[in-house]
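Trainee: I have a structure open and would like to go through it step by step. Could we begin with what the record says?

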Amino acid sequence: MLTCKQLVENSSDYLDARLSLRGRLSVRLHLAMCFRCRRFIRQMKLSQAVIQRMPEAPIAELDALAEKLARQQQSRR
Ligand SMILES: [Zn+2]
């Protein structure tokens, strides 16, 4: 079983699909059991999406956009 620290260390590889099947499995297993890491991964995904969409945007705008996206996601549930 991964620790939260190991999960954070693996998170960018996980999001870029660079982990082995075994590695992905242990990340998903941890996420299924750990609310804090689920939230962490969700925010990582969110900021990745924002960065991919707006590579040149200044940080303040990125923050505002991430906040907006987060609110949209929450209201969809
Ligand atoms: Zn965790």
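Trainee: Which residues does UniProt list for "domain: Putative zinc-finger"?
Mentor: The unreviewed UniProt entry lists residues 4-38 for that feature. UniProt positions are given in the numbering used here, feature names are shortened, and annotations may be inferred rather than shown by experiment. Please note that this is a predicted model, in which local features need pLDDT of at least 70 and side-chain atom pairs count only at pLDDT 80 or more, while totals for chains, interfaces and linings use all residues. Residues are numbered from 1 along each chain as its sequence is written, and side-chain values use heavy atoms, with hydrogens and water left out.

Trainee: What is the helix content of residues 4-38?
Mentor: The span is 83% helix and 0% strand, and its end C-alpha atoms lie 10 Å apart. Helices (H or I, at least four residues) and strands (E, at least two) are DSSP runs, numbered from the N terminus.

Trainee: Which residues are the protein donors of the zinc ion?
Mentor: They are Cys4 (SG), His30 (NE2), Cys34 (SG) and Cys37 (SG), at 1.9 to 2.4 Å from the ion. Donors are N, O and S atoms within 2.8 Å of the metal (3.2 Å for Na, K and Ca); water is not among the atoms, so sites may look incomplete. The spacing of the donor residues in sequence is C-x25-H-x3-C-x2-C.

Trainee: And what is the geometry of the site of the zinc ion?
Mentor: The site is tetrahedral, with angles of 104 to 112° among the four donor atoms. Four donors count as tetrahedral if all angles lie between 85 and 135 degrees. The ideal angle for four tetrahedral donors is 109.5 degrees.

Trainee: Where does Cys34 lie?
Mentor: Cys34 is in the loop between H2 and H3. Cys34 counts as buried because its relative accessibility is 14%; buried means under 20% relative accessible area, exposed over 50%, and partly exposed in between (1.4 Å probe, protein chains only). His30 is buried as well. The C-alpha atoms of Cys34 and Thr3 are 9.9 Å apart, although 31 residues separate the two along the chain.

Trainee: Which residues make up the largest nonpolar core?
Mentor: This core has 10 residues in all, among them Leu2, Leu7, Tyr14, Val27, Cys34, Cys37 and Ile41. H1, H2 and helix H3 (35-53) each supply at least two of its residues, and H1 gives the most, with three. A nonpolar core is a set of buried Ala, Val, Leu, Ile, Met, Phe, Trp, Tyr and Cys residues joined through side-chain atoms within 4.5 Å.

Trainee: Changing topic, is Ser11 buried or exposed?
Mentor: Ser11 counts as buried because its relative accessibility is 3%. Ser11 is in helix H1, and its side chain reaches the backbone oxygen of Val8 at 2.7 Å.

Trainee: What is the phi of Ala17?
Mentor: Ala17 has a positive phi of about 60°, although it is not a glycine. Most residues other than glycine have a negative phi. Ala17 lies in the loop between helix H1 (4-15) and H2, and it is exposed, with a relative accessible area of 57%.

Trainee: Finally, where is confidence lowest and where highest?
Mentor: Confidence is lowest in helix H4 (residues 59-76), at a mean of 81, and highest in helix H2 (residues 21-33), at 95. The chain averages a pLDDT of 87, where pLDDT is the predictor's confidence in each residue, from 0 to 100.

How values were computed. Four donors count as tetrahedral if all angles lie between 85 and 135 degrees; four count as square planar and six as octahedral if opposite donors are over 155 degrees apart and all others between 65 and 115; anything else is irregular. A polar contact is a pair of N or O atoms within 3.5 Å; within protein, one must be able to donate a hydrogen and the other to accept it, and residues adjacent in sequence count only if both atoms are side-chain atoms.
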